[in-house]
Structure formats: C-alpha cells, structure tokens
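The following paragraphs lead the reader through one protein chain, from its overall make-up to single residues. Please keep the sequence and the model in view while reading.

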Amino acid sequence: MNFRQFAYRNVARNKRKYAAYFVSSAFSVMVFFLCALFIYHPAISQDMILGAAARTMMAAEAIIYLFCSLFVLVSVGSFLQSRKLEFGILLMHGMTKRQLKLMVFLENMMIGSLAILTGTLLGLLLGKLFLMIGSGFLGIEPLEFHLSWQAPVLTICSFVLLFMLISLLTFAFIGSESPHGLFRGGGRGETEPKVSGGLALLSGLLLLAGYALAAATTAATVEIMMFPVVLITVSGTYLFYTQLSLYIVGVLRKLRRFYWKHTHILTFSGLSYRWKDNGRMFFMVTIVSAVSFTSVGVFASIHTLSRELKLDYPAAVGYVAKGGGYVSSEKQDLQGITAELERLDLPYETLRIPLKYAAIVSQTGPDHTKQLPLMSYSNYKLALRHAGFISDEPPLEGNKGLVMIGSQRDRSLTAARFKATYSLKQGIQIQEIGYTQHVPIAEYLLPELDGRGGGDFSGLVVSDSLYNGIVPVHQDWYTGFYMEDFPRTTGVASELAATGKVPYEAKSPFAVVISGTLFEIQRTLYSTMLFASLLVGTVFFIAAGSFLYFRLYMDLDHDRLQYSTLSKMGLTDRELDRIATLQLALMFFVPVLLAVLHSLFAFIALQRLFYLSIAAETGAVLTGYLAAQTLYFFFIRSRYLRNLKKNLI
C-alpha cells in the first residue's frame with residue numbers, strides 16, 4: 001500500500017463521518033454550476049431586461065462561493081479537531097509531521113475533487129430542468145439547454161482553487177503540537193464548563209436590546225439602525241450559546257424537584273458539556289439560518305411590491321413637457337406614443353393638465369426649494385378619477401396645500417417629515433397641511449421636493465382660487481394615457497425611454513414613464529432575486545444540516561458507550577429513546593427557533609419600508625423552513641437511534 005492508497009482508505013473508512021460534508025459540498029458546486037449555466041445562456045446575457053437577472057445571479061454566485069469558503073474552512077477545522085487522537089497514534093508510530101500534513105492535504109483534495117466532479121455532473125443532468133424552472137420564475141419562454149464553455153470552466157476553476165487553498169490552510173490547523181498533546185486533545189473535556197454570570201446577563205441584555213431596536217426602527221432610520229442592530233444581535237447570540245445557555249442548564253441542575261424527576265438527571269447532566277462543545281456550531285447554524293430565512297422572506301415579499309406598482313404609476317404612460325426654456329418636442333412625441341398604442345389596439349383615455357412652478361423666497365424646515373411645483377385641486381381630482389382611485393378628501397381652502405406623494409413607500413416617511421410653509425416671491429404663503437391619499441403623478445415626472453433621500457414627494461396640490469392667482473416662473477404640461485392593461489405597454493416609446501423612464505432631473509425637454517416597461521424590468525429583477533435567494537437559502541439549509549450531522553456522528557462513539565452503560569443499569573428502550581430525542585431536539589430546534597425569532601424582528605423592521613403587508617409571505621417562508629427542519633430531525637433521529645442501539649444488549 002503506497003501513501004496515496006493509505007490516504008484514500010482513510011477517507012473511505014470514515015465515509016459515514018464525511019457523508020454530510022461531501023453532500024453539502026457537491027450540492028453547492030451543483031448550484032454554482034447551474035447559476036453559471038443561467039448567467040452565460042445567450043438568451044439571458046444578450047437581452048437588456050434579462051441582463052439584470054444575469055447580474056443578480058452573479059451576485060448569488062459570489063454569495064454561494066463566499067459561504068462555501070467559510071463552510072469548508074469550518075468543517076475541515078472540525079474534522080481535524082476530531083481526529084487528534086488518530087494523528088497522535090500515527091505520529092507515535094513513526095509518521096513525520098510532513099507526511100501527516102501531506103496525508104491531510106491529499107484527503108481534502110480527494111473529497112473536494114469528488115465533490116466538484118459529482119456537483120458538475122449533477123448540474124449537467126439537471127441543467128435543462130433548472131433552465132425550465134428559471135424560465136418559469138422569470139415568466140419567459142422555456143430556455144433551450146445550452147452549455148457554454150464559461151460555466152464548467154468557472155465552476156471547476158473556482159472550486160479547485162477553493163479546496164486547494166483550504167487544504168493548504170490545514171497545515172496551520174495541525175501546527176506543531178506534540179503527539180502527547182494530540183492524545184489529550186482527542187478526548188472530551190472532563191472539567192465542568194466555566195460560566196460567567198455577568199456575560200450570561202450581558203447576552204440576555206444584548207438580545208433584548210437588538211429586538212427592541214429592531215421593533216422601534218422607523219422607515220427613516222431603518223438604514224441607519226441596520227448595522228448596529230445586526231452587530232448587537234450577533235454578539236448576543238454568540239454569548240447565548242457560550243454563556244447564557246450553560247448558565248440556564250446550571251440553574252436547572254440546581255432545581256432539585258425538577259432535576260431529580262423522571263430521567264431529567266440523565267438528560268441534563270451531560271447537556272452543559274455537549275452545549276459547550278457545540279456552542280460555536282450552534283451559533284453558526286443560527287446566524288446562517290436567520291440570514292437564509294430573512295433573505296428568502298424578503299424576496300418572496302417583493303412580489304407584494306409588484307402589486308404596489310399599479311398604485312405608484314396611475315397612468316400607463318406619463319409624459320411631462322417641460323417649460324422653462326426647453327425646445328418642446330411634445331406634439332411629435334405624443335403622436336408617436338398614440339400611434340404605438342393604437343397599433344397595439346390598446347383602449348385608453350388621455351388627460352392633459354398644466355403644472356405651475358412658483359418661485360420661493362424662503363421656507364420653514366431643513367430644506368430649501370427654489371421652484372415649487374403646484375397642481376390645482378380640480379386637476380388633482382381629475383387625475384384620480386382617470387386612474388380609478390376613490391378619494392374622500394375635502395376641497396382645499398385658503399393658503400393650505402397637500403403634498404403629493406410620488407409612491408406608496410412615501411407613506412412610511414410622512415410621520416418623520418417636517419411640514420413646511422413656503423413664502424412665494426409674489427408675497428403669498430402656502431402651508432403644507434397633509435399628504436394626498438393617492439399618487440396623482442408618478443415619480444420621475446416631477447422634481448423631488450425634498451432632495452434625494454427625502455422620499456419622492458413632488459409638489460403641492462392647492463385650491464383652484466390660490467392656483468389661479470399664482471404667477472408661475474414657468475409651466476409644464478402633464479399628459480397621461482390611462483388604461484386597465486398597463487403591462488401591455490412594455491416596450492412602448494422605446495425610442496424615448498429604452499429603460500422605461502426619463503426622469504425630470506435629466507437634461508431633456510421631457511420626462512416620461514412607461515409603466516409596462518418598468519413593471520417588466522421590476523418583475524424580472526424581483527423574480528430573479530427570489531429564485532437566487534431560494535437557491536442560496538437551500539445551500540445554507542443543507543450546510544446547517546451538515547454541521548448538525550457532523551457533530552452528532554463525532555460524539556457517536558461516546559454516546560454509544562454511555563447508552564450501553566445506561567441500558568445495563570436497567571433503563572428501558574422507551575426511556576433511552578426519550579433521553580436521546582430530547583437532546584437531539586434541543587440541538588436541532590433551539591438554533592432554528594432562535595433564528596426564527598431573529599428573522600421575525602428583522603421582518604418587523606423591514607415592514608416599515610413596505611406599504612402592503614408582507615406577513616403572509618413571511619409566515620409561509622418560516623412555516624416551510626420549520627416543516628423542512630422537522631422532517632430532517634425525524635430522519636436524523638431514526639438513523640441516530642439505530643446506530644446508537646447497535647451494540648446495546
């Protein structure tokens with residue numbers, strides 16, 4: 001037997017321990033390859049709208065690769081830690097440190113190469129099915145199977161490099177520890193884990209603070225609060241597993257009426273040791289699961305945002321001809337739009353209304369507006385009626401004005417926004433008293449009132465008498481084409497706006513919005529994000545399961561000896577099953593339930609950004625994950641109990 005055969009037999013004889021790691025690595029390679037097939041498919045990469053989908057999938061590729069790097073690194077480190085006794089024996093029998101490192105390097109490369117080969121072949125087998133599912137998500141014609149050279153080259157090169165670098169890093173894990181030290185490192189610790197009451201209290205306070213901050217976050221502060229809330233919650237989670245959970249177990253052991261009841265003494269006596277050994281793994285599973293739950297839930301909820309588009313873009317095609325010295329091409333542009341709508345046989349109604357711009361001398365509040373867009377109340381009601389909106393807003397009087405919201409997300413910003421009073425150059429004052437119930441003119445068609453970052457508020461609605469008495473600096477004309485089937489306007493006026501919009505701030509004589517084109521771009525982008533997040537979430541889920549599987553089988557010999565002793569002492573199978581099930585349930589469900597709790601507060605914070613509720617999508621995602629985790633628990637439990645009882649009398 002030569003050295004390579006020796007390394008191969010080491011892997012083959014430990015295949016049960018490596019099984020979950022190999023399956024998870026091969027699955028990650030397969031998903032990476034399938035994403036590459038999608039990205040480099042000519043029907044995707046050469047299309048303007050679908051190009052955004054390709055870029056989204058590329059981001060998913062990067063996330064999968066980064067996560068795989070971390071997953072492989074942590075897994076290999078755990079494998080080496082569990083094999084210290086074996087390494088000590090090999091060194092005692094004359095193996096040099098150089099040979100030991102070479103053996104570990106060869107073992108890792110064997111598993112990695114087999115995972116790359118298996119994942120790539122599975123990707124080739126499932127490529128057609130994946131492209132069909134991806135087409136379904138994007139709502140396009142089924143994509144033909146196309147194997148570009150970039151997909152396999154990118155996949156194989158990326159993962160060969162990954163496994164090679166990680167294998168080289170194993171040299172640092174092995175280090176220069178003596179055979180005697182390796183012997184000692186292979187056994188489980190005998191001293192009781194030390195717990196700091198202060199750190200345990202700090203863990204609880206950090207978790208409560210993170211949840212409280214997430215619940216108190218507003219739409220205006222969510223972006224600012226995101227990083228500190230994540231940092232506080234992650235720190236609290238780490239301390240929960242390394243301190244607070246051990247402290248709780250210690251408290252339970254001191255409750256004699258509980259501890260001495262039934263088989264609690266057997267269940268909880270070794271729990272602190274198990275919890276201490278697995279604390280970092282539980283921490284990783286919790287964070288990975290929370291990220292997975294949140295990303296899939298958010299992108300599943302993004303379909304809800306598509307429903308908001310009809311409210312955000314009341315006219316299927318909106319066009320504003322600018323005054324103020326621009327050479328107008330309004331007549332020619334509107335004729336072109338009309339001709340295209342008639343060619344498509346789309347029934348529509350049109351509305352053309354003026355918009356005045358008043359010169360501002362001063363205003364209260366933090367902003368300074370030079371020219372204030374104004375719409376008369378009667379024209380506002382006309383715009384709502386054409387859009388099919390129902391409004392019970394009373395007529396405006398005096399110098400009062402309603403701020404026009406530019407999109408539904410502006411509603412979440414109104415509470416924190418300062419209501420200004422404007423002094424016009426001609427001596428009139430206009431006071432903001434509230435906000436319109438609906439979007440009369442879509443965003444991009446008017447200048448933003450509060451500058452970037454202040455929402456899409458775009459001007460004021462004032463009474464007809466006040467509007468008529470204002471002498472404008474200049475006047476724009478808004479024309480809206482209203483229809484029921486607005487998605488059919490996709491591609492209309494593409495010579496004016498290929499991407500569906502020309503914003504008011506652009507140096508153009510017009511601003512235009514094609515809601516059908518914007519809807520198609522948004523729908524494609526969101527669908528791809530959902531598809532990508534599902535793929536990444538599945539990789540995370542399988543990796544988290546791999547961690548749990550590995551830890552269970554690493555302790556299997558110790559657990560088997562313990563249960564054999566308990567069986568000889570007279571415990572029944574039912575009692576042994578109950579003890580094992582409770583310990584497994586704590587390992588499986590505490591990290592997942594804590595991840596669900598993290599995700600719920602993340603969703604509460606993110607809900608501030610949405611006008612429509614995302615509760616249904618969030619509930620569906622979390623329920624699905626819990627169901628999958630429960631099935632996985634029962635599968636692992638049956639196999640674990642069967643292995644545990646192999647040597648029992």
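Of the 649 residues in the chain, 51% are buried, where buried means under 20% relative accessible area, exposed means over 50%, and partly exposed lies in between, with a 1.4 Å probe and protein chains only. The model is a predicted one, in which local features need pLDDT of at least 70 and side-chain atom pairs count only at pLDDT 80 or more, while totals for chains, interfaces and linings use all residues. Residues are numbered from 1 along each chain as its sequence is written, and side-chain values use heavy atoms, with hydrogens and water left out.

The chain has 20 helices and ten strands; these are DSSP runs numbered from the N terminus, helices being H or I of at least four residues and strands E of at least two. Taken along the principal axes, the C-alpha atoms fill a box of roughly 100 × 60 × 45 Å. Two pairs of residues give a sense of distances within the model. N2 lies in the segment before α1 (3–13), and its C-alpha atom is separated by 51 Å from that of G250, 248 residues away along the chain. With 36% relative accessibility, N2 counts as partly exposed. P472 sits in the loop between α16 (464–469) and β8 and is also partly exposed, at 28% relative accessibility. From C-alpha to C-alpha, P472 and V23 are 70 Å apart in space, and 449 residues apart in sequence.

Helix α5 (residues 84–92) shows how burial can be arranged around a helix. Its buried residues are K84, F87, G88, L90 and L91. These residues lie on the same side of α5, because they cover an arc of only 165° around the axis, the arc being that of the directions from the helix axis to the C-beta atoms. An α-helix has 3.6 residues a turn, so residues three or four places apart point the same way. Just after α5, G94 takes a positive phi of about 105°.

Where is empty space left inside a protein? Rolling a probe the size of a water molecule over the atoms shows where it is left. Here a cavity is a set of points, on a 1 Å grid over the protein atoms alone, where a 1.4 Å probe fits but cannot get out, and its lining residues have an atom within 4 Å of a point. Grid points are joined across faces, edges and corners, and a volume is the space filled by probe spheres set on the points. By this rule there are four cavities of 30 Å³ or more.

The largest cavity has a volume of about 110 Å³. Its lining consists of 13 residues, of which S289, F541, A544, V592 and Q629 lie nearest the centre. Helices α13 (271–312), α17 (515–554) and α20 (615–644) each supply at least two residues of this lining. By class, the lining has nine nonpolar, four polar and no charged residues; Ala, Val, Leu, Ile, Met, Phe, Trp, Tyr, Cys and Pro count as nonpolar, Asp, Glu, Lys and Arg as charged, and the others, Gly among them, as polar.

The second largest cavity, with a volume of about 60 Å³, is lined by K17, A20, Y21, S75, S78, F79, S546, F547 and F550. The elements giving two or more residues to this lining are α2 (15–39), α4 (48–82) and α17. Five of the lining residues are nonpolar, three are polar and one is charged. Domain 1 (1–187) and domain 2 (201–317 + 522–648) each provide at least three residues of the lining, with domain bounds taken from an automatic or database domain assignment.

Some single residues complete the tour. Most residues other than glycine have a negative phi, and most peptide bonds are trans. D345, in the loop between α14 (330–343) and β2 (349–363), has a positive phi near 60° and is exposed at 63% relative accessibility. A493, in the loop between β8 (474–482) and β9 (501–502), also has a positive phi, near 55°, but is buried at 1% relative accessibility.

H438 belongs to the loop between β6 (429–435) and β7 (460–462). It counts as buried, at 18% relative accessibility, and its side chain reaches the backbone oxygen of I390 at 3.0 Å. T618, in helix α20, is buried at 7% relative accessibility.

Conventions
On a 1 Å grid over the protein atoms alone, a cavity is a set of points where a 1.4 Å probe fits but cannot get out, and a pocket is an open set with protein on both sides within 12 Å along at least five of seven lines; lining residues have an atom within 4 Å of a point. A polar contact is a pair of N or O atoms within 3.5 Å; within protein, one must be able to donate a hydrogen and the other to accept it, and residues adjacent in sequence count only if both atoms are side-chain atoms.
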